[in-house]
Amino acid sequence: MKPTEILKREHRAIETGLDCLELLADQCAAGAWNAETAAEALSFIRDYADHVHHGKEEDLLFPLLEAKGFSREQGPTGVMTYEHQRGRDLVRAMAEAVAQRSPARFAEDARQFVSLLRQHILKEDHCLFQMADQALSDSEQQDLQRAFEAFESDPQEATRREQALERARTLANLLGVSTAALDANVSATA
């Protein structure tokens, strides 16, 4: 499996989290506010989407692409990194809304975050990852695959990943969202 296929599979798990976050925003708008559930959704986003997934992209994939000539300032890796940071800003805003017990603010920031990440995922899946597959040699793909495996085999990282996926599974079950993408992510790492 190519490294970009691993990242795409992780996108499917992140989309499950986005589905949950979207439902939570809808519940807020309908007057049903559960701060604990919202905090759990944010924990999944921080631990899995940002740390595990974006960490692999920013620390492993993007530097490799930039070494191959992709411009950090004006190229796709720069755009993706900017969007990662914009997502982090929105997650902080959602966390503040949870702490301040502000469901309307949480819902607004959650919707912005969901929209941002859905568009971001489309760009990566249909543009950046195809460019990466074309730019990287078989040897570079294998090196990147080994780097991903080293990241995922670290005991702390493996625990963080599994706990985040379990948190998402619990949320999805609570909200009636399919867990198929989460199940596929667990089987991919087993």
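Leaving aside neighbours within four places in sequence, Arg-118 is in contact (heavy atoms within 4.5 Å) with Glu-15, Leu-18, Asp-19 and Glu-22. Arg-118 is found in helix H4; helices here are DSSP runs of H or I of at least four residues, strands are runs of E of at least two, and both are numbered from the N terminus. Arg-118 counts as partly exposed because its relative accessibility is 25%, where buried means under 20% relative accessible area, exposed means over 50%, and partly exposed lies in between (1.4 Å probe, protein chains only). Between the C-alpha atoms of Arg-118 and Asp-59 there are 22 Å, and the two residues are 59 residues apart along the chain.

The model is predicted, so local features need pLDDT of at least 70 and side-chain atom pairs count only at pLDDT 80 or more, while totals for chains, interfaces and linings use all residues. Residues are numbered from 1 along each chain as its sequence is written, and side-chain values use heavy atoms, with hydrogens and water left out.

Helix H1 covers residues 3-29 and includes Glu-10. Is Glu-10 buried or exposed? Glu-10 counts as buried because its relative accessibility is 0%. Its side chain makes a polar contact with the side chain of Lys-56, at 2.3 Å. A polar contact is a pair of N or O atoms within 3.5 Å; within protein, one must be able to donate a hydrogen and the other to accept it, and residues adjacent in sequence count only if both atoms are side-chain atoms. Beyond the neighbours within four places in sequence, Glu-10 is in contact with residues including Tyr-48, Val-52, Glu-152, Arg-161 and Asn-185. Arg-9 also lies in helix H1, and it is partly exposed because its relative accessible area is 27%. Arg-9 and Gln-163 are 154 residues apart in sequence, with 17 Å from C-alpha to C-alpha.

Helix H2 spans residues 35-67 and has a kink of about 40 degrees centred on His-54; the bend at a residue is the angle between axes fitted to the seven residues ending there and the seven starting there. After H2 comes Gly-69, which has a positive phi near 110 degrees.

On a 1 Å grid over the protein atoms alone, a cavity is a set of points where a 1.4 Å probe fits but cannot get out, and lining residues have an atom within 4 Å of a point. Among the residues lining the largest cavity are His-11, Ile-14, His-53, His-54, Leu-117 and Glu-124. Two or more lining residues come from each of H1, H2 and helix H4 (103-135). The lining divides into four nonpolar, four polar and two charged residues, where Ala, Val, Leu, Ile, Met, Phe, Trp, Tyr, Cys and Pro count as nonpolar, Asp, Glu, Lys and Arg as charged, and the others, Gly among them, as polar.

Arg-101 lies in the loop between helix H3 (76-99) and H4. Its phi is near 55 degrees, a positive value in a residue other than glycine. Most residues other than glycine have a negative phi. Arg-101 is exposed because its relative accessible area is 56%.

Val-79 sits in helix H3 and counts as partly exposed because its relative accessibility is 37%. Thr-170 belongs to helix H6 (residues 155-175) and is partly exposed because its relative accessible area is 47%. The C-alpha atoms of Thr-170 and Thr-37 are separated by 9.9 Å, although these residues are 133 residues apart along the chain.

Note on methods: 1 Å grid on protein atoms, 1.4 Å probe; cavity = no way out; pocket = protein on both sides within 12 Å on 5 of 7 lines; lining within 4 Å.
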